[in-house]
Amino acid sequence: MILDGKVPSGHITEKWDKHRFEMKLVSPANKRKYKILVVGTGLAGASAAASLAELGYQVEVFTYHDSPRRAHSIAAQGGINAAKNYPNDGDSIWRLFYDTVKGGDFRSREANVYRLAQVSNNIIDQCVAQGVPFAREYSGYLANRSFGGAQLSRTFYARGQTGQQLLLGAYSALMRQVGLKKIILHTRTEMLDLVVIDGVARGIVTRNLLNGKIESFVGDAVVLATGGYSNVFFLSTNAQACNVTATYRAYKRGAFFANPCFTQIHPTCIPQSGEHQSKLTLMSESLRNDGRVWVPKNPGDKRKPTDIPEDERDYYLERMYPSYGNLAPRDIASRAAKRVCDEGRGVGPTGNAVYLDFSDAIKRLGKKVIEERYGNLFEMYERITGDNPYETPMMIYPAPHYTMGGLWVDYNLMSNLPGLHVIGEANFSDHGANRLGASALMQGLADGYFILPYTIGHYFATTKLEKVTTDHPEFKKCEEEVKERIKKLMSINGKKTPTQFHRELGKIMWDNVGMARTEESLKKALELVPKLREEFWSNLTMVGEEGDLNIVLEKALRVADFLEFAELMIWDALERDESCGGHFREEHQYPDGEAKRDDERFCHVAAWEYTGVGNKPIRHIEPLTFEYVPLTVRSYK
Amino acid sequence: MKLTLHIWRQKNSSEKGHFETYQLDNVIEDMSFLEMLDVLNEKLVLEGKEPIAFDHDCREGICGACSLTINGIPHGPEKATTTCQLHMRKFKDGDEIWIEPFRAKAFPVIKDLIVDRSAFDRIIQAGGFISVNTGQAPEANSILVPKQNAEKAMDAAQCIGCGACVAACPNGSAMLFVSAKVAHFAYLPQGQPERKLRVLKMVEQMQKEGFGNCSNMYECEAACPKEISVRNIALMFRDYLKASCSEEKLELVENE
């Protein structure tokens, strides 16, 4: 099937304005008749829920956390992009659009990206009005800094805690509506299934994490803002609870999953220290503004970094990408790190690390300035590793961080299932095959504050919805299936914990479907994953009761879905027989190791349709056309 | 290293809890405190026993979920560090460690080391926001904020809402948490129109939730992983006093 992204006609600069005018409206008096279920309270979910409630819709919000403020958007460090051009360095909406399309290696929908760049400026306005304490100049005006993949300063930031401050802004807007009784908030409630009636998304089935109660909720639309699936790799920079269940369950109910193989490996994370490791910690990319990345020129050089003379160091990013240097985009910087480590030039106890060195910046600017800029990050590094980065270079290595893939959505952010809207990292998004730094926060808030609130109204105004309640047989059936799934998990009585299975899955995925993929490695993974899944369903151990707070059951439910989802990811990586952005197939590269796209065969979105566990899903495509940013080889040299 | 752990186990909010003792060998100094508990939990599950329930998520010190009292100190002995960022190199072989939930009247225990901190959300609902709807905002640079004020606002806004301040306070007071939000907005021009109403409503809710009063012990500041200053409490007191004899207070009373 050829999917239609429903991009409006007209010149790209006018599409969104035109579309906003052409969309049907729901009158204020009628808005309160519609109920919207929002799952997830990160930047996208919280901003959408608050904005929709302000418009007058009935909104119910679901989070598995104890409070909406814990969502993992909180951990974003570096900043948020906007095309304000405050530094007068030549930025514009067009340039932000251009950079994002190019940064995504031409695998995103042009019209969506242009709209994202357009509303980026409104986001900054909105956040400032909410009281987000962005960095300021002494004059009182907003400050900006540069970020990976951009040659100008368009990033707004609040120290190294931009995600926290933006999320607290959206959270406060959400809580205001909860206080006004415009939103019903369900905490410690996890969505376990989507209810589809006559092809239309009408509700969700949830599990109350405190007492195990399975409940149904009905609505006129369902909004998934449930984040990404980096934890399929077990070790990632994502929080412990981040999982694929909500989007994967929607996929199993008929929503198409787009580009699942597009995952981002972030270049600057603290390397793994041992088997006990539960997560990898990101060191903000902003460090690359002043830090210089290097490894020894000679393989196996075990000297202390400070003992290696200047001419025996290889500042490989500066050498290979002179115009961007240490600010090369994430996928490129990550792969370069892998390459030098594969050459035996990696450092640290495992040989899987490179140096990020601040000694030149400290010499040039003084320790005080560096402390002001990165003090909290340096402290964090020292707490985790025991090393002081003011004296010895940091050691970093790439780690799974963000997933560009997600549920397929059209220009209105609605999936192929009417009524199911998907926003933020959970959709297949505007980042193509690679996301630029400081663009995730921008997209999450763009979707939630400024896009979904318009498009969802159009859906209601143009759709006749039957009156349904949770007594509908489809809800009952869905509830039963969820209960069955839980019963089955509880009864396996095997010998391995969910975490053990998760760790094994992560290793398969990292080794075979990670930073570099080959047909061979993918086929191997395609054999290993189903075997592991089979073992999971026969050799899982479980404790506690289903009707109680049960952390092992929570984990098992998530791992069970990862074990199915992983296979989908592999299929996508296998069929996309080209390299682009974060998807690197070793068979397809230029002599210098850059990703080689195949625009003839793969200039499209791949959206997968579920056909049963273990079966090969059906691959649909949405062709991508590039009218405004000509298809070129992405070069950062 | 080998450790002896005394950990609070409690089935649910209505049953009484107790300490249970666990021996853990092979603890590596690079482990975080929570990774050490992960190891213990895996061991328990493999023995068919229920693991220890504790709140945690980001494991990088920002989500505010982790909430353990370690050897009597919320988040443990390391200054300005959440439990998840505390590493085992701060302990030594043979140590005995006592692990409890955050204790406060307003934070009832849910299970083991998990407590209910929803009172914080309700305090924010009462007034911890600026009432601006999406779309109403003026151009960002039309609101100027002197750098020093932006920095002070940010110092206060860094609060991660973990509740260590409450757990550390002998009175179970939430003053540091509430004042951090009050101060965050008080330092910004955007926060001025609602400044009085905000402090009145948030303090009122704080009292309803059963948090205690402040008696200047400063234990909250010492326990805070983000080093939020008690100066914010002083600011909140001043604001509360001024607001108590304002038009806003009259309106509130009349509306009741």
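Here is a friendly walk through the confidence, the domains, the strand pairing and the chain contacts of this predicted model.

1. **Ground rules.** Residues are numbered from 1 along each chain as its sequence is written, while chains are lettered from A and ligands numbered from 1 in the order in which they are written. As the model is predicted, local features need pLDDT of at least 70 and side-chain atom pairs count only at pLDDT 80 or more, whereas totals for chains, interfaces and linings use all residues.

2. **Confidence.** For the complex, the predictor reports an ipTM of 0.98 and a pTM of 0.97. Chain B has an average pLDDT of 97, with 100% of the residues at 70 or above; pLDDT is the predictor's confidence in each residue, from 0 to 100.

3. **Around β16 of chain A.** Please have a look at strand β16 (residues 394-403) of chain A, where 10 of its 10 residues are buried. Buried means that 20 or more other C-beta atoms, placed from the backbone, lie within 10 Å of the residue's own; strands (E, at least two residues) and helices (H or I, at least four) are DSSP runs, numbered from the N terminus. Strand β12 (residues 263-269) of chain A runs antiparallel to β16(A) and is joined to it by five bridges, and two strands pair if DSSP finds at least two bridges between them. In this pairing A:Ile265 sits opposite A:Pro400. Strand β15 (residues 354-357) of chain A is also antiparallel to β16(A), with three bridges, and A:Tyr355 has A:Met395 as its bridge partner.

4. **The parallel strands of chain A.** Strands β1 (residues 35-39) and β2 (residues 58-62) of chain A are parallel, with five bridges; A:Lys35 is the bridge partner of A:Gln58. Together with helix α3 (residues 43-55) of chain A, these strands form a right-handed β-α-β unit: with the strands pointing away from the viewer, the path from the first strand over the helix to the second runs clockwise. β2(A) also pairs in the parallel sense with strand β6 (residues 183-186) of chain A over four bridges, where A:Glu60 faces A:Ile184.

5. **Domains of chain B.** Chain B is assigned domain 1 (3-111) and domain 2 (118-255), whose C-alpha centres are separated by 30 Å. Here 18 residues of domain 1 of chain B are in contact with 16 residues of domain 2 of chain B. The domain 1 side comprises nine nonpolar, seven polar and two charged residues.

6. **Between the chains.** Finally, 67 residues of chain B are in contact with 62 residues of chain A. On the chain B side, α1 (33-46), β6 (109-111), α2 (118-127), α3 (147-157) and α5 (175-186) each supply at least two residues. This side has 31 nonpolar, 20 polar and 16 charged residues.

Key:
Two residues are in contact if their C-beta atoms, placed from the backbone, lie within 7 Å. Ala, Val, Leu, Ile, Met, Phe, Trp, Tyr, Cys and Pro count as nonpolar, Asp, Glu, Lys and Arg as charged, and the others, Gly among them, as polar. A residue is buried if 20 or more other C-beta atoms lie within 10 Å of its own, exposed if 12 or fewer, and partly exposed in between; C-beta atoms are placed from the backbone. Domain bounds come from an automatic or database domain assignment.
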